[in-house]
Structures are given as C-alpha cells and as structure tokens.
Amino acid sequence: MSTHSDPGPSPARLAAQAAAEELLARILYAEAGQRPVRAIEALACLTLNRARAALASAEARTRFAADAAPETLPRAVIAVLRAPFQFPVRHPRHERHALFTAPIEGDAALSVCRRIAGRALRGALPDATRGALLWHDLLRQPAWSLGRIPTLEAGGLAFYRLDGA
C-alpha cells in the first residue's frame, strides 16, 4: 500500500485550463455563436488541431501561435487564440468584436459555446473536420481556398486541411 497521494493537477495547470476554456468559448461565441452546433464544434476542433500542431512543430508555432512556445495543450490553445490573424473577431474593428470582449451573460449561445469549449479541451469532442487547420466563412472566398476541397462544410463555414487533402 502506497502512502504517496496524488496531489492532482497543479493550480497553474488548472488556471491555464480554465483560461483556455473561457477564451475558446468567447471566440466560438463571437465567431459562430449564431450558427448550428455542428459549426461551433468544428471551429473548436480546428482550434485544437492548430494547438496540437503548434506543440508538434516550430513551423506550425510560427504560423498558428505567433512563435509562442507553449508546453501544454491549454497553453497552446491560448497561444493560438491570441495569435494575430487567426480569428477575425479578435480585431477591434470587426462587427462582432464586442461579443468577444464582452459576451452577453445569460445568452443561451454563450452557454453552448462554453460547454463545447470544455468538451474540446477535455478531448471529448470528435474532430468532424478531419484535421482541418484552415477555415473561412462561405460568404467570403479567400484566394488560398481556390482549388482546395473542404474536409467539412457546416453552418456556413468551410474547413480545410493544410495539405489540401
């Protein structure tokens, strides 16, 4: 019988997990909160895909996490969500930026986004995007997407793998 007790996750790890969940929920809410759940889940999966990629390679860190060198998945999610040009609602002039900075507490869509963010960070959200790292709103057709086949279209959003597969 062991007398060693497991202290559990450190306070810093718990703080990073909670911060990552809230930041992800706010991004999801502002970017896709008015869309179907499948689209919100797909955007959460894309974020986790980018975070895992940033943990795995320096090239992905440069592309998706502004060269931050996170050591854990929650910290990688935070780095990805804070990196410039990854999610348009982070820009102060974006029409839904206020939903990111000051979400409407009590809004059912915010509650949905918080649940999805929690599931994503706990690894309980299957990746319907099949490893997508790129996305766009179907109302806009960025030049990089021409000739690429999406891995998923959901709720007016298109998702793509980096390799174009």
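Trainee: Which residue with a positive phi follows H6?

Mentor: This is a predicted model, in which local features need pLDDT of at least 70, side-chain atom pairs count only at pLDDT 80 or more, and totals for chains, interfaces and linings use all residues. Residues are numbered from 1 along each chain as its sequence is written, and side-chain values use heavy atoms, with hydrogens and water left out. Helices (H or I, at least four residues) and strands (E, at least two) are DSSP runs, numbered from the N terminus. The residue that follows H6, with phi near 80 degrees, is Gly123.

Trainee: How far apart are the end C-alpha atoms of helix H6?

Mentor: Helix H6 covers residues 108–121, which is 14 residues. The expected span is 1.5 Å times one less than the number of residues. That gives 20 Å, and the end C-alpha atoms agree with it, being apart by 20 Å.

Trainee: At the start of H6, which residue's side-chain oxygen reaches the backbone nitrogen of Ala109?

Mentor: A polar contact is a pair of N or O atoms within 3.5 Å; within protein, one must be able to donate a hydrogen and the other to accept it, and residues adjacent in sequence count only if both atoms are side-chain atoms. Here the oxygen comes to within 3.0 Å of that nitrogen, and it belongs to Asp107.

Trainee: Is Arg35 buried or exposed?

Mentor: Arg35 lies in the loop between helix H1 (11–32) and helix H2 (37–56). Its side chain makes a polar contact of 2.5 Å with the side chain of Asp137. Buried means under 20% relative accessible area, exposed over 50%, and partly exposed in between (1.4 Å probe, protein chains only). At 15% relative accessibility, Arg35 counts as buried.

Trainee: What kind of aromatic pair do Trp144 and Tyr160 form?

Mentor: Rings of Phe, Tyr and Trp (its six-membered ring) pair if their centres lie within 6.5 Å; planes under 30 degrees apart count as stacked, over 60 as edge-to-face and the rest as tilted. By this rule the count is two aromatic pairs. For Trp144 and Tyr160, the centres are 5.2 Å apart and the planes are at 85 degrees, so the pair is edge-to-face.

Trainee: How many residues apart in sequence are the parts that this pair ties together?

Mentor: Trp144 is partly exposed at 34%, whereas Tyr160 is buried at 4%. Trp144 lies in the loop between strand E1 (134–137) and strand E2 (152–154), and Tyr160 in strand E3 (residues 157–160), so the parts are apart in sequence by 16 residues.
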